[in-house]
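Please look over the sequence and the structure shown below before reading on. The report that follows takes up the chain as a whole and then turns to a single residue.

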Amino acid sequence: MNIWKAFEIAAEAAISKDDRRSFSLGACGIRGDGAVVKAANAPTIQPDRKVHAEYRLSQKLDVGAIVYVARVSRKDGSYEIAKPCFSCEKVLRSRGVKKIYYTISGSEYGCIDLRRTRKFEKISQLLKDSNR
Ligand SMILES: [Zn+2]
């Protein structure tokens with residue numbers, strides 16, 4: 001899928017929640033089996049990674065998925081930097097996600113290639129073995 005199209009899907013998930021925050025964050029994933037899944041983050045009083053869109057999305061992902069994260073300004077709808085926090089990156093890696101794309105601005109995005117880590121090799125092998 002086109003990266004900006006995937007960000008659009010993530011952004012739609014983000015703004016589907018109506019609240020008073022200054023930004024919304026959404027994530028979408030293209031699963032290894034081709035299915036598209038979405039999640040949005042939620043407002044919280046205490047910081048809690050379990051409300052992060054990426055964490056919520058991770059519950060719906062399979063091995064080999066690609067994740068797209070978009071942060072949308074509530075003011076003008078523009079894309080802002082949506083680099084996943086360390087904790088979410090760890091969770092996504094443990095699910096066997098291949099790559100994470102995230103918005104930086106309306107014309108830039110970033111990519112974390114989780115396959116470039118030795119941990120990924122190890123985990124995806126473990127997951128494959130456990131599925132046999
Ligand atoms: Zn996070």
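Among contacts in the chain between residues at least 6 apart in sequence, what percentage join residues at least 24 apart?

## Contacts along the chain

In this predicted model, 57% of the contacts between residues at least 6 apart in sequence join residues that are at least 24 apart.

## Secondary structure

The chain holds four helices and six strands, and, when read along the sequence, these elements follow the pattern α-β-β-α-β-β-α-β-β-α.

## Overall dimensions

The C-alpha trace of the chain spans about 45 × 35 × 25 Å along its principal axes. Because a compact globule of 132 residues would have a radius of gyration near 14 Å, the value of 14 Å for the chain agrees with that expectation. Of the 132 residues in the chain, 38% are buried.

## The surroundings of Ala 13

Ala 13 is placed in helix 1, which covers residues 3-15. Ala 13 counts as buried because 24 C-beta neighbours lie inside 10 Å, where the cut-off for a buried residue is 20 or more.

If neighbours within four places in sequence are left aside, Ala 13 is in contact with Gly 26, Cys 28, Lys 38, Ala 39 and Ala 40. A further relation concerns Ala 53, which is 40 residues from Ala 13 along the chain, while the C-alpha atoms of Ala 13 and Ala 53 are separated by 9.4 Å.

Definitions and conventions. Residues numbered from 1 in each chain as written. Predicted model: local features only at pLDDT ≥ 70, side-chain atom pairs only at ≥ 80, totals over all residues. Helix = DSSP H or I, 4+ residues; strand = E, 2+ residues; numbered from the N terminus. Rg over C-alpha atoms; globule rule 2.2 N^0.38 Å. Buried ≥ 20, exposed ≤ 12 C-beta atoms within 10 Å, placed from the backbone. Contact = placed C-beta atoms within 7 Å.
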